Amino acid sequence: MEAAPSSSTCACSHLVTMPYPARGYINPMMNFCKMLLSNDNTRLILVTFVVTEEWLGFIGSDPKPDIMRFATIPNVVASDHPGFLEAVMAKMEASFEELLNRLQPPPTAIVSDTFLYWAVVVGSRRNIPVALFSTMSASIFFVLHHHHLLVNLSENGGERVDYIPEISSMRVVDFPLNDGSCRSKQLLKTCLKGFAWVSKAQYLLFTSIYELEPHAIDVLKAELSLPIYTIGPAIPYFSLQNNPTFSTTNGTSDSYMEWLQVLFFTSHKGSHFSVSRAQMDEIAFALRESGIQFLWVGRSEASRCDQQLRVLSHPSIGGFWSHCGWNSTKEGVLAGVSFLTFPIIMDQQIDSKMIVEDWKVGWRVKEDVKVNTTTLVKKDEIAMLVQKFMDLDSNLAREIRERSETLRQICSRAITNGGSAVTDLNAFVKDLVQTIH
Ligand SMILES: O=c1ccn([C@@H]2O[C@H](COP(=O)(O)OP(=O)(O)O[C@H]3O[C@H](CO)[C@@H](O)[C@H](O)[C@H]3O)[C@@H](O)[C@H]2O)c(=O)[nH]1
């Protein structure tokens with residue numbers, strides 16, 4: 001299905017964007033498009049946002065700029081996540097290309113998720129530039145790029161690897177897809193296959209802030225042969241800029257500590273990954289028994305999802321229990337909250353490592369470092385941890401919140417005019433406009 005472009009959009013430049021079909025990838029692509037279209041230099045670009053038919057049903061009525069239209073390709077179906085990823089990589093290319101043949105005006109550039117590496121081939125066949133769009137951190141990209149160095153990793157998950165250049169040492173257990181399971185091995189193989197295509201794209205975009213992971217970004221810029229832009233968090237902060245809590249000019253104030261009483265917990269019920277039922281029960285019992293105040297939000301993959309940043313930015317939120325998806329991580333950082341990290345799979349271990357070890361704005365819920373087993377974190381352990389975390393009279397809890405506020409200020413500066421993210425986004429827009437005109 002295609003909606004006709006409005007008559008006011010006689011655009012000579014037509015950008016087609018293709019996110020990976022899941023919430024954590026569609027949200028940042030949509031936010032990126034909105035940022036792009038609000039940039040003065042891109043006002044003539046028509047954007048076609050391509051989703052599967054299923055996803056059009058979920059997001060088709062969400063507000064979007066007039067100059068943007070949706071177009072669809074058939075659904076991809078699989079019973080598990082590795083199978084879905086493989087199907088996305090193998091089966092979507094033909095329907096995407098068929099769609100491009102029908103679109104008017106003819107597409108002049110493509111922005112596609114890094115997992116949809118075949119877009120590079122499609123762009124090359126049509127002689128139009130392709131920007132690959134990474135919805136994960138530059139750090140996981142960095143680790144995958146250096147994956148060949150990871151040989152004979154220890155069985156001891158607590159052991160640290162310190163030989164990857166320019167990245168702070170990492171526990172073995174924090175490397176992505178390193179749990180020895182068939183699912184992880186299959187996922188890793190598919191990820192690495194796609195990764196080999198990255199340098200054949202014309203641009204690489206990171207939905208990150210330079211100040212969050214400068215070493216990984218610097219090394220990737222030096223080692224990869226294509227231009228790389230760190231275009232900012234691609235979260236909907238632009239809709240919150242009148243919110244006094246979410247202010248880019250806030251000074252540090254002791255008084256805000258009085259308010260931070262509620263722990264925000266969101267249970268991710270994605271179709272492929274979620275915490276086990278038994279673990280969820282332990283968490284639920286623990287939060288209830290602990291006596292702390294908490295806000296528990298259950299969400300499914302398809303539920304309307306634009307409220308998390310708004311909630312996190314509320315003055316009473318004093319902590320964020322997070323699975324460390326990259327979007328949630330950036331939202332927590334920009335809301336200035338401290339984290340309890342509970343990663344599940346993929347990049348989430350690395351995001352958790354950055355939160356806890358690099359930025360020092362969170363604690364791990366699970367200190368267990370066994371690589372090949374899934375152990376339950378018991379309710380008593382969780383209850384003690386959350387009580388300690390929410391005890392704002394303790395020095396530990398206060399220090400971590402002060403660091404969260406400092407990090408928030410650093411990142412807030414990056415997304416204002418003159419900041420690193422705005423400067424990089426402008427540079428990408430300038431380069432793209434020059435290439436396609
Ligand atoms: O109650 C909620 C919970 C979430 N969200 C939104 O849902 C999105 C969740 O994204 P993310 O935190 O990245 O989690 P996932 O959906 O799990 O993300 C997938 O995609 C990410 C980006 O590639 C990866 O980092 C993750 O590992 C992968 O699971 C964010 O935009 C949130 O704002 C809400 O609006 N309300």
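Domain bounds here come from an automatic or database domain assignment. I read that assignment first, noting that the model is predicted.

**Entry 1: domains.** I found that the chain is divided into domain 1, made up of 13-238 + 416-435, and domain 2, covering 252-414. I took the centres of domain 1 and domain 2 over C-alpha atoms and noted a separation of 25 Å.

**Entry 2: the interface between the domains.** I looked up the contacts and recorded 54 residues of domain 1 touching 38 residues of domain 2. The size of an interface is often given as the accessible area lost when the parts come together. For domain 1 and domain 2 I noted a buried area of about 3,800 Å², with 61% of it from carbon and sulfur atoms. On the domain 1 side, I marked R23, L212 and I235, which supply 18% of the area that domain 1 buries against domain 2, more than any other three residues.

**Entry 3: salt bridges.** I counted two salt bridges between domain 1 and domain 2. I also looked up the side chains of R364 and D174, and found them joined in a salt bridge at 3.1 Å, N to O.

**Entry 4: helices α1 and α14.** I examined α1 (residues 23-37) against α14 (residues 420-436): their axes come within 11 Å and cross at roughly 75 degrees. At their contact I listed F32, M35 and L36 from α1, which meet L425, F428 and V429 from α14. I classed the residues of this contact of α1 with α14 as six nonpolar, no polar and no charged.

Definitions and conventions: Residues are numbered from 1 along each chain as its sequence is written. This is a predicted model: local features need pLDDT of at least 70, side-chain atom pairs count only at pLDDT 80 or more; totals for chains, interfaces and linings use all residues. Side-chain values use heavy atoms; hydrogens and water are left out. Axes are lines fitted to C-alpha atoms, for helices over the stretch in contact, and angles run from 0 to 180 degrees between N-to-C directions. Helices (H or I, at least four residues) and strands (E, at least two) are DSSP runs, numbered from the N terminus. Contact means heavy atoms within 4.5 Å. Ala, Val, Leu, Ile, Met, Phe, Trp, Tyr, Cys and Pro count as nonpolar, Asp, Glu, Lys and Arg as charged, and the others, Gly among them, as polar. Buried area is the accessible area (1.4 Å probe) that two parts lose on being put together, summed over both. A salt bridge is a side-chain nitrogen of Lys or Arg within 4 Å of a carboxyl oxygen of Asp or Glu.
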